[in-house]
Amino acid sequence: MTAQMRRRQAPGWDRVHEAAAQHGIELTAVRETDTHILYEAHWVLKALHDAGHAVGPVATHNFDRLFARASLPEAFMRRYDQRTPHMEYPPEARSLLVVGLHADRRSVQQRARELGLRVFFVDTEGITENGVHKEYLIEGARAGDVIVRSEAIPALRRLAELLKVEY
């Protein structure tokens, strides 16, 4: 163990905040629990779910249970054997919304298409590192899908506004 590793580090949020500040990015926590910070995107999705615009579980590859902490049902799509489990869709589902920094669960998307659901992606199709934007196109997108090139929070805010959902 190196001395740097032994050195006491600031709590997680402080480290993230400090790193973002070095790049001129200001972060704001919207709500937090005892152990995790929930961001505006979680609360917008919760409001959309409560209003009936989002149905079924949130398919996620994160193990942090943040959606559950926002009282949303979750379906974990990541497994250690890297095989994506079968995704069930409620009968009332009309589309699949894929949100994330290059979220790619092609089997989940394919199942949605087989059921006749439209697939919408919210993705910047790139990442900015050290002030340089690097294109990173969505590999799972297919003809007929809709790509909204945006960060999640502004896109979800706009969706809530269009659907007249307050969060």
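In which strand does phenylalanine 76 lie? I looked this up in what is a predicted model. Phenylalanine 76 belongs to strand β4, which covers residues 74-76.

I then checked what surrounds this residue. Setting aside neighbours within four places in sequence, I found phenylalanine 76 in contact with Thr60, Asn62, Phe63, Arg65 and Pro85.

Next entry: serine 150. I located serine 150 in the loop between β9 (146-148) and α6. Is serine 150 buried or exposed? Its relative accessible area is 19%, and the cut-off for buried is under 20%, so I noted serine 150 as buried. Not counting residues up to four places away in sequence, I listed Val122, Asp123, Thr124 and Ala155 as the residues that serine 150 touches.

I looked at α6 (residues 152-162) against α3 (residues 40-50) and found an angle of about 25° between them, with the axes 9 Å apart. Angles under 35 degrees count as roughly parallel, and I therefore recorded α3 and α6 as roughly parallel to each other. The crossing of α3 past α6 is left-handed.

Which residues of α3 meet α6? I noted Glu40, Ala41, Val44, Leu45 and Leu48 on the α3 side, and Ile153, Leu156, Arg157, Leu159 and Ala160 on the α6 side. Sorted by type, the residues of this contact are eight nonpolar and two charged, with no polar ones.

How values were computed: Residues numbered from 1 in each chain as written. Predicted model: local features only at pLDDT ≥ 70, side-chain atom pairs only at ≥ 80, totals over all residues. Heavy atoms only, no water. Axes fitted to C-alpha atoms, helices over the stretch in contact; angles between N-to-C directions. Helix = DSSP H or I, 4+ residues; strand = E, 2+ residues; numbered from the N terminus. Parallel < 35°, antiparallel > 145°, perpendicular 65-115°, else oblique. Left-handed = near helix turned anticlockwise from the far one by under 90°. Contact = heavy atoms within 4.5 Å. Nonpolar A, V, L, I, M, F, W, Y, C, P; charged D, E, K, R; others polar. Buried < 20%, exposed > 50% of the residue type's maximum accessible area, 1.4 Å probe, protein only.
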